[in-house]
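Reader: I would like a close look at a single part of this model, with the cut-offs behind each term spelled out.

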Amino acid sequence: MKFQIPSLIMAILERDLRLALRHGADTLGAVLFFILAGALFPLALGPSPELLRRMAPGIVWVCALLAALLPLDRLFGAELEDGSLDQLLMTGLPASLIALAKMMAHWLTTGLPLLLAAGPLAIMLGMPSGSMVVLLTGLFLGTLILSLIGGMAASVVLGARRGGVLLPLLVLPLTTPALIFGAAALDAAQTGLSWGPDLELLGAFLAAAIPLCPLAAGAGLRAAVE
Amino acid sequence: MENISVFRGERLVLDRVGFTLDAGDALLLTGPNGAGKSTLLRVLAGLRKPEGGHVLWSGVDALADRSQHAGRVAYLGHQDALKLGLTLRENLTLAARASGGNPDLCMKSLNISGLADLPARMLSAGQKRRAALARVLLAQAPLWLLDEPSLGLDINTMGLLGTLFAAHRQAGGIVIATTHVPLPLPNARTLALPGLNESDIPQPMEDFPEDDLL
């Protein structure tokens, strides 16, 4: 039984990626939202390059955070509705690993596209190319954290009425540390300070989330099918 | 070899239900809507924890290790649990990976091989049910828990189901099914769940003439 676990996780990932490709519009939706929301800021704030350059880190991070929230509602919701969650649990894979596989799928279908779109958005806002490495490293860690915490929250609100409304209220406060460290690292990079410690704190946050979030999410999934 | 007994006390739905089955046995769960047939199946599948009582497998508490128990059980729920965007074969991939079974063989025995590469959204309700039954076969599990397996099936498939049941029981497997219609399960025992007491059911339309509803 034990040797099957990686192969089952891969099977869930394959299935979710295939579904994401078949329903391309849903997958692209989060990225398009990210780019559009980012593009609204110059319109609202005025086209001052200096102002936009200073605000760019915050804009990219906040937009990424909000965009990653969009598909969370369906992450487990779709599985619960069509009975697939029962069948996933009947594969014998521990519930926390099912949750982990789904979180990885969320990152591959949402976090990774966001990461790819973040570069162009940052250039559009006039961020200096020198801080691009810091932005992408920070966002790489940040999107992973978002998928983990988001997946946990999505499984907790699973089965609750109006769970979609509850979800951002749960995720956003929990992800503020990631936002603070990520934006602070970028700020430091732009002002010529050392940005290492902020990214290390982000990494520490991720290291804590990797074991804890799937465990909590697994309990949430078990409770949802009861 | 395989002995299951269930004692379960739940205040509302099921009250101290118990039974024992041997290898090759079949059990039909009957009873009015809301009697707790599906709930009982979900408890047996390990998806739900009973508030009281135990599920025993060969004398050992089965729900203590639910991952291990999942390997012994093939569960068919109300819903067919098919992803509409995936083809039939892709829908069965995960179950095949979990059990090591051959999806093509299982689709063949339910007569849906020709539909293997069609997306599930193009299938009829009965064809989807057959796909879900193919997944039950695929699990290669000794205990089949089927929630109204005959839902939407035509006469031919019912016959097919009969042969599959017989082969499964011949090999020492157990079938537990909820149903409202006769299933092709010869010598099956029946457990009638009583449902709610008459006095508990609200009956506001008691003297409403039924003909008027038509």
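How many residues does the contact take from chain A and from chain B?

Author: This is a predicted model, in which local features need pLDDT of at least 70 and side-chain atom pairs count only at pLDDT 80 or more, while totals for chains, interfaces and linings use all residues. Residues are numbered from 1 along each chain as its sequence is written, and chains are lettered from A and ligands numbered from 1 in the order in which they are written.

The contact draws 23 residues from chain A and 22 residues from chain B, where two residues are in contact if their C-beta atoms, placed from the backbone, lie within 7 Å. On the side of chain A that touches chain B, helix H1 (5-22) and helix H5 (84-89) of chain A each supply at least two residues; helices here are DSSP runs of H or I with at least four residues, strands are runs of E with at least two, and both are numbered from the N terminus. H1(A) gives the most to this side of chain A, with eight residues. Sorted by class, the side of chain A that touches chain B holds nine nonpolar, eight polar and six charged residues, counting Ala, Val, Leu, Ile, Met, Phe, Trp, Tyr, Cys and Pro as nonpolar, Asp, Glu, Lys and Arg as charged, and the others, Gly among them, as polar.

Chain A also has spans set apart by a record. The UniProt annotation "transmembrane region", from an unreviewed entry, covers residues 27-46, 58-76, 129-158, 165-186 and 201-225 of chain A; its positions are given in the numbering used here, its feature name is shortened, and such annotations may be inferred rather than shown by experiment. For residues 27-46 of chain A, the end C-alpha atoms lie 31 Å apart and the span is 95% helix and 0% strand, whereas for residues 58-76 of chain A the end C-alpha atoms lie 29 Å apart, with 89% helix and 0% strand.
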